[in-house]
Amino acid sequence: MPLSSTAIGIALFSGTIMMAAKHLDFTIENIVMIIISLILIILEVKRSKTLKYLNSKIENALKIYKFYGLKILYGEVGLVVFISVWMWSIA
């Protein structure tokens, strides 16, 4: 989805700027942010593939997908909240 892809792009862009400002010095914060960004990208790809190959012949297919999609969404929100709280506590 465009909105989630934009949010992931913003996180990656801010991480790139942060690393450039530190002269490409890899700190634990940078490494964790890169790993979480990769996890977010992988989760979005899984969610998109599931939606793309959704069998419309199954009666409750969208309802089943909705449960799966919400699970992924809550996981992504949890990761973003975790990294945000961690970064705010460091600053």
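**Helix α2 and the overall form of the chain**

In helix α2, the buried residues are Glu-29, Asn-30, Val-32, Met-33, Ile-36, Ser-37, Leu-40, Glu-44 and Arg-47. The set thus listed for α2 includes the charged residues Glu-29, Glu-44 and Arg-47, together with Val-32, Met-33, Ile-36 and Leu-40. The model examined here is a predicted one. Helix α2 covers residues 28-52, and its 25 residues should span 36 Å at 1.5 Å a residue; the C-alpha atoms at its ends lie 36 Å apart, in agreement with that expectation.

At the level of secondary structure, the protein chain contains 3 helices and 0 strands, arranged along the sequence in the pattern α-α-α. The radius of gyration of the protein chain is 16 Å, whereas the globule rule gives 12 Å for 91 residues; the computed value is well over the latter, so the chain is more spread out than a compact globule. Along the principal axes, a box of roughly 55 × 20 × 20 Å is filled by the C-alpha atoms of the protein chain.

Of the 91 residues in the protein chain, 21% are buried. When contacts between residues at least 6 apart in sequence are considered, 58% of them join residues at least 24 apart.

Notes
Residues numbered from 1 in each chain as written. Predicted model: local features only at pLDDT ≥ 70, side-chain atom pairs only at ≥ 80, totals over all residues. Heavy atoms only, no water. Helix = DSSP H or I, 4+ residues; strand = E, 2+ residues; numbered from the N terminus. Rg over C-alpha atoms; globule rule 2.2 N^0.38 Å. Buried < 20%, exposed > 50% of the residue type's maximum accessible area, 1.4 Å probe, protein only. Contact = heavy atoms within 4.5 Å. Expected span 1.5 Å × (residues − 1).
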